[in-house]
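Walk through this model with the structure open beside you.

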Amino acid sequence: LSILAGLLAFGAVKGWRAYKQNLGESAAVLFDSVEKASKENDAKKIAAAADVLKAQYPASAYAARAALVSAKASFEAKDADTATTQLKWVAEKAADNAFRNLARLRLAGVLLDQKKYDEALKLLDEVKDDAQAVRVQDLRGDIFAAQGKLPEARAAYKAALVKEDARSPTRQITQMKLDVIGDDK
């Protein structure tokens, strides 16, 4: 009896893996349509392909990647509404926390462009990833600078500089931003 139970368990695990692999392969095929539309630089086709992937394979990494690609193309096409919709989907529904945090950062940038400063700051508070700490502080500084809150901007830029690798090219950009608003030492 225990041998039979072991064989059944083994079969179930093997079947589950095959099912998951098939799902991944199907999602990859759909993601290919996103990449093709991306090469054509057609934001509407990219969004449509991403929406299909999100509907059929919402838990796949491909769905999150497709939505991020769509958001970028839409933003570049001056379609902030579609970019926002795609980024919100990733921020709320992506299975991987890294994708959710990346979407929150990008969405905060879109909100900054739309002068929705409080929403952008609130979104940055939701990013709980040490790997993104520098980007969070730098963007927070940009938001405060746009609001004219220079002491808060300085503090955010300084926090970004403390966490940033000394050899990073983005460190120089953050330092330039701090220099522009004036370092109130």
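Two residues are in contact when they have heavy atoms within 4.5 Å. By that rule, residues 24 or more positions apart account for 46% of the contacts in the chain with a separation of 6 or more. This is a predicted model, so local features need pLDDT of at least 70 and side-chain atom pairs count only at pLDDT 80 or more, while totals for chains, interfaces and linings use all residues. Residues are numbered from 1 along each chain as its sequence is written, and side-chain values use heavy atoms, with hydrogens and water left out.

The chain has nine helices and zero strands. Helices (H or I, at least four residues) and strands (E, at least two) are DSSP runs, numbered from the N terminus. The order of elements is α-α-α-α-α-α-α-α-α.

Now the surface. The accessible surface of the chain is about 11100 Å², and 56% of this belongs to carbon and sulfur atoms. Such areas come from the Shrake-Rupley method with a 1.4 Å probe; for residues, only the protein chains shown count as cover. Of the 185 residues, 39% are buried. Buried means under 20% relative accessible area, exposed over 50%, and partly exposed in between (1.4 Å probe, protein chains only).

In soluble globular proteins, nonpolar side chains tend to be buried together. A nonpolar core is a set of buried Ala, Val, Leu, Ile, Met, Phe, Trp, Tyr and Cys residues joined through side-chain atoms within 4.5 Å. Here the largest one has 35 residues, and Leu-68, Leu-87, Val-90, Leu-124, Leu-139 and Ile-143 have the most contacts inside it. Two or more of its residues come from each of α3 (61-76), α4 (80-93), α5 (97-113), α6 (117-125), α7 (133-147), α8 (150-163) and α9 (169-181). The largest share, nine residues, is from α5. Pick out Val-90. Beyond its neighbours within four places in sequence, Val-90 is in contact with Ala-64, Ala-67, Leu-68, Phe-99, Arg-100 and Ala-103. A second, separate core has twelve residues, including Ala-37, Ala-43, Ile-46 and Ala-49.

Next, the pockets. On a 1 Å grid over the protein atoms alone, a pocket is an open set of points where a 1.4 Å probe fits, with protein on both sides within 12 Å along at least five of seven lines; lining residues have an atom within 4 Å of a point. The largest pocket holds about 430 Å³ of space. Grid points are joined across faces, edges and corners, and a volume is the space filled by probe spheres set on the points. Its lining has 21 residues, with Leu-105, Arg-106, Gly-109, Arg-135 and Leu-139 nearest the centre. Helix α5 gives the most to this lining, six residues.

The second largest pocket has a volume of about 190 Å³. α4, α5 and α6 each give two or more residues to its lining.

Asp-79 sits in the loop between α3 and α4. Asp-79 counts as partly exposed because its relative accessibility is 25%. Asp-79 and Ala-43 are 36 residues apart in sequence, with 8.7 Å between their C-alpha atoms. Is Arg-140 buried or exposed? Arg-140 lies in helix α7 and counts as buried, because its relative accessibility is 15%. Leaving out residues up to four places away in sequence, Arg-140 touches Leu-121, Leu-124, Asp-125 and Ala-156.
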